[in-house]
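Here are my notes on this structure, as numbered points. Please read them with the model open beside you.

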Amino acid sequence: MLHNFIETLNNVIFFYAITISIAYVLLAIFSARALNHYMKKNKFVDYNNILTSPLSPSVSLIAPAYNEEKNIVENIRSLLSVHYNNIEIIIVNDGSKDNTMQAMIDAYHLQKVDYYVNNQVPCKEILGVYKSSNKAFKKLVVVDKENGGKSDALNAGINVAENELITCIDVDCIVEQGAILKMVKPFMEEDKNVIATGGVIRIANSCVIEDGRLIDIKVPEKIIPRFQVVEYIRAFLLGRMAWSKLNGLLLISGALGLFDKRIVIECGGYEHKTVGEDMELVVRMRRYMTDNKRKYKVVYIPDPLCWTEAPDDYKILARQRNRWMRGTIETLWFHRKIFFNPKYGLLGVLSYPFWFFYEWLAPIVEFLGLLYFIFLISIGYSNWVFFLVLFFTVYFFAITISILSLVYEEFSYRQYKKHSEILKLIGTLVLEPLIYHPRTVWWSLRGNIDKIRGRKSWGDMSRKGFDKKIVKNETGN
Amino acid sequence: MNKIKYYILFAFSLGVCFNAFSQTESKDIFKQTKDFASQFLFSTELLIRVCAVLLILFIILFIGFFLTLMIARTIHRRNDSYEKRIKEKFELLLTGIIFIDEGEMETREWRNSKQRVMTHFRSKYLNSKKNKKFLREHIILMHKNFNGFAAEVLRNLYLEFRLQKGAIRELNAPDWGIQAMAVKELAQLNIDAALKQIKRLTTHENEILRLEAQIAVLSLDKVEPFAFLNKIKFQLTNWHQVNLANAIRQLETDKLPQFSQWFSSNNDSVVLFSIKMAQLFDQFESIPLLVKLLEHKSQKIVGESARVLGVFMANDAQENLLKAFRNAEHEVKLKILIALGKCGTDEIIPFLSQQLLQNDAEIAFTAGKALKLIGFSGRDVLEQNKNSILFDVPNICNHLLDDRI
């Protein structure tokens with residue numbers, strides 16, 4: 001009886017592992033094709049045509065800010081230098097407790113104006129809208145509102161936005177100057193109705209930054225952000241590229257995404273009840289389009305468009321991963337109707353189940369698998385030869401997938417120029433499954449536990465800031 | 001409720017199948033399959049063997065990718081530095097020829113120097129495919145950045161080196177990327193020797209090649225550069241339109257056609273593009289046909305026509321705009337309101353005032369904008385409504401009357 005049970009369970013776990021591995025191999029193949037096609041197509045693109053054309057769509061850039069007094073002036077300057085003509089920059093002060101608002105008023109000569117806000121999506125009370133008296137900053141709009149968190153601040157920005165497309169960004173990110181041009185292009189070139197685009201987010205730790213602009217790209221000196229560099233390259237170049245090709249992308253990073261404002265409003269804007277508002281919005285938009293029988297596409301572009309500071313200690317990283325897991329659970333729960341629902345096409349039968357089985361369930365299976373293995377050892381039911389062969393097979397599979405993503409990077413954007421940097425990344429990816437991955441499994445598991453306990457907060461996300469000053473950020477903006 | 005019915009039906013069917021299996025000789029098949037799975041497919045020995053094979057495969061793949069990465073990095077670095085070096089040399093040699101006064105061009109000294117440079121190029125660089133490619137790329141890049149005499153000298157050099165032969169040959173390449181690059185090159189250097197071939201590519205199924213060919217035809221074809229608009233079967237995406245518009249802007253304005261001739265095209269995207277071009281090049285003559293388009297079955301075309309009529313301040317279109325407004329979709333209504341603000345007279349004020357009081361905030365706000373666009377009389381209406389008791393109206397009026405916004 002026990003023998004049969006153990007054998008069946010072994011087979012189930014083994015089958016699960018095989019399917020997840022096959023899924024990654026297939027994603028890698030799709031990504032390679034998509035990336036190759038994109039790179040080839042891009043040789044013929046002159047983004048200046050978008051910049052100079054009166055036919056280009058108008059964009060509202062929305063950046064929520066919370067207690068950012070030390071960096072806000074610089075951050076806004078960086079955003080104002082983004083290359084796009086028909087753009088307004090909306091900074092939403094989400095009830096900061098420090099001098100963020102005053103710093104903006106002083107630096108940009110802001111005056112409160114009689115701005116009409118059409119409250120189309122729910123948000124807390126807007127205390128005032130400010131415009132600059134200096135014509136040089138005419139693109140700038142500052143919204144002062146009661147504190148309500150990131151989703152609420154973004155919704156306030158959406159209500160104020162006047163343009164057809166909205167881009168939501170984290171104010172402390174460094175956005176490539178041509179980022180908007182690149183993100184707007186899919187909206188202009190696709191026959192299908194593009195509802196959202198996203199680009200690659202990269203890690204800026206140890207990079208040289210001057211006046212809010214990235215001057216020199218370097219591999220992080222510390223191992224924790226370096227692990228995240230490998231993780232991000234793998235996730236963005238190998239995973240999302242393939243999902244975009246299949247039109248099954250569920251997530252556009254909250255750090256930088258461009259959306260069709262009308263569809264966002266029709267969907268009800270960002271959801272307040274989740275800490276994974278970025279993923280939830282994309283899933284809701286997709287669901288809305290299918291429910292209304294409208295053809296659509298969510299596009300991802302592989303260009304590195306936004307550079308962010310990654311947590312460089314395990315404590316903060318743990319909070320971030322915990323939150324990501326809770327966000328995933330919440331989104332999957334809100335939209336459980338999609339699960340294996342053929343009405344939603346690929347979204348229902350592939351994307352959603354993939355997230356369910358391999359993003360949400362994987363850490364749980366992994367952890368339970370470990371406990372089960374310990375149990376088998378304790379009852380003397382372990383086959384050590386099989387264990388060792390299987391362990392090394394899984395390990396080499398993991399590092400092969402990671403190094404493949406570096407090969408993709410080499411043949412596409414080659415952001416890290418030195419040989420030594422590549423070697424550092426290879427060293428990191430060799431260590432990753434042993435040192436970093438077990439921790440991410442544990443943090444995800446804690447995310448599950450915290451979700452069951454009803455925890456809803458973002459957690460304190462202290463960041464050192466690009467200028468090495470400590471910036472506290474409670475809402476995670 | 002329906003779902004529950006399906007579940008019951010499904011469970012019942014499963015039960016029937018299971019019973020059928022267990023009560024017939026299929027029971028043996030079931031058992032045999034199970035035994036086969038446990039003894040063969042999931043037997044530990046076999047799994048160990050499979051895993052060992054996979055392990056070896058992954059180790060080989062890892063080493064393979066590692067070597068690919070390191071070799072690719074070395075090759076890329078070497079290529080980059082070679083390309084940089086060779087292009088610096090090309091630049092030095094080419095700028096020596098192009099940076100002279102026009103008067104000095106025909107001097108014997110200049111001719112000799114040019115001859116020396118060309119001999120140097122021929123003997124040293126043009127016998128290698130790679131260098132030839134770099135030279136082509138560099139001449140194109142420099143040609144893009146110069147005009148007048150310097151651009152002409154570069155073009156002549158390109159022709160004297162017979163580099164166009166390579167580009168024309170590439171027009172027949174099986175890869176659309178190579179074809180498109182060749183089209184781009186010939187267009188940039190204004191070489192019309194292969195115009196016939198390029199014209200054929202304007203209807204190619206690959207959209208990038210199609211676009212490059214259309215842009216090339218616009219600059220190369222002196223007789224009927226816009227003829228491709230009559231043959232377009234595919235939709236012109238906005239991206240396509242932006243690129244075409246950019247190419248058209250480089251042409252001499254007096255040689256442009258009346259874009260209204262395509263207002264009756266069967267392809268809606270061609271009609272939309274033509275409307276935009278009519279506006280871009282101030283073709284006021286197209287106003288009567290634009291007015292007719294307000295009755296078009298495509299709401300996109302109606303909206304675009306209304307927008308352009310507004311930009312053209314076509315006062316005569318006021319009645320037709322009002323008529324179109326009644327049956328228009330929400331988005332188009334907003335465009336018509338702005339158009340009425342731009343081209344409307346005081347007669348339209350009562351209509352706009354009425355729209356200002358609508359429950360639909362977007363319509364009300366846009367009507368307010370239109371009133372502001374009309375001028376003093378429209379502003380007076382906004383002033384009067386500043387104290388309206390209707391929920392959003394005072395806020396809208398205050399916003400529109402605040403000149404700091």
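1. A word on angles before anything else. Axes are lines fitted to C-alpha atoms, and angles run from 0 to 180 degrees between N-to-C directions. With that in hand, look at helix 9 (residues 277-291) of chain A. Helix 9 of chain A lies across strand 8, strand 11 and strand 12 (297-308) of chain A. Its angle to strand 8 of chain A is about 155°. Keep in mind throughout that this is a predicted model.

2. Now the sheet under that helix. What is the strand order in the open sheet of chain A? The order is 3-4-5-2-1-6-11-8-12-7, a run of 10 strands with mixed pairing. Strand 3 and strand 7 (174-175) of chain A are the edge strands, and each pairs on one side only. Strands of a sheet pair through backbone hydrogen bonds, either parallel or antiparallel.

3. Strand 8 (residues 194-203) and strand 11 (residues 256-260) of chain A pair in the antiparallel sense. Their pairing covers 3 bridges. A:Gly198 sits opposite A:Gly257 of strand 11 of chain A.

4. Strand 5 (residues 140-145) of chain A deserves a careful look. Of its 6 residues, 6 are buried. In a regular strand the side chains alternate between the two faces of the sheet. Here both faces are covered. A:Leu140, A:Val142 and A:Asp144 are buried on one side. A:Val141, A:Val143 and A:Lys145 are buried on the other. Note that A:Asp144 and A:Lys145 are on that buried list.

5. Which way do the partners of strand 5 of chain A run, parallel or antiparallel? Strand 2 (residues 87-94) of chain A runs parallel to strand 5 of chain A, joined by 6 bridges. A:Asn93 stands opposite A:Asp144. Strand 4 (residues 126-132) of chain A runs antiparallel to strand 5 of chain A, with 5 bridges. There, A:Val129 faces A:Val143 as its opposite residue.

6. Next, the two chains together. In the contact between them, 44 residues of chain A meet 44 residues of chain B. On the chain A side, the elements that give two or more residues are helix 1 (2-42), helix 2 (48-52), strand 3 (110-113), helix 6 (179-189), helix 12 (384-411) and helix 13 (419-435). Helix 12 of chain A supplies the largest share, 16 residues. By class, the chain A side divides into 22 nonpolar, 11 polar and 11 charged residues.

7. Helix 1 and helix 12 of chain A also touch each other. Their axes come within 12 Å and cross at roughly 5°. The two helices are therefore roughly parallel. Helix 1 of chain A contributes A:Ser21, A:Tyr24, A:Ala28, A:Ser31, A:Ala32 and A:Leu35. Helix 12 of chain A contributes A:Phe397, A:Ile401, A:Leu404 and A:Tyr408. The contact has 8 nonpolar residues, 2 polar and no charged.

8. Chain B has 21 helices and 0 strands. Buried residues make up 33% of its 405 residues. Among contacts in chain B with a separation of 6 or more, 59% join residues 24 or more positions apart.

9. One helix pair in chain B is worth checking. Helix 15 (residues 299-311) and helix 17 (residues 330-343) of chain B pack at about 15°, with axes 7 Å apart. That angle makes helix 15 of chain B roughly parallel to helix 17 of chain B. Their crossing is left-handed. Residues of helix 15 of chain B in the contact include B:Val302, B:Gly303 and B:Ala306. Those of helix 17 of chain B include B:Ile336, B:Ala339 and B:Cys343. The contact residues divide into 9 nonpolar, 3 polar and 4 charged.

10. B:Ala151 lies in helix 6 (residues 149-160) of chain B. With 18 other C-beta atoms within 10 Å, B:Ala151 is partly exposed. Not counting residues up to four places away in sequence, B:Ala151 touches B:His143 and B:Phe146. The C-alpha atoms of B:Ala151 and B:Lys386 are separated by 61 Å.

Notes: Residues are numbered from 1 along each chain as its sequence is written. Chains are lettered from A and ligands numbered from 1 in the order in which they are written. This is a predicted model: local features need pLDDT of at least 70, side-chain atom pairs count only at pLDDT 80 or more; totals for chains, interfaces and linings use all residues. Helices (H or I, at least four residues) and strands (E, at least two) are DSSP runs, numbered from the N terminus. Angles under 35 degrees count as roughly parallel, over 145 as roughly antiparallel, 65 to 115 as roughly perpendicular and the rest as oblique. A crossing is left-handed if the near helix is turned anticlockwise from the far one by less than a right angle, and right-handed if clockwise. Two residues are in contact if their C-beta atoms, placed from the backbone, lie within 7 Å. Ala, Val, Leu, Ile, Met, Phe, Trp, Tyr, Cys and Pro count as nonpolar, Asp, Glu, Lys and Arg as charged, and the others, Gly among them, as polar. Two strands pair if DSSP finds at least two bridges between them. A residue is buried if 20 or more other C-beta atoms lie within 10 Å of its own, exposed if 12 or fewer, and partly exposed in between; C-beta atoms are placed from the backbone.
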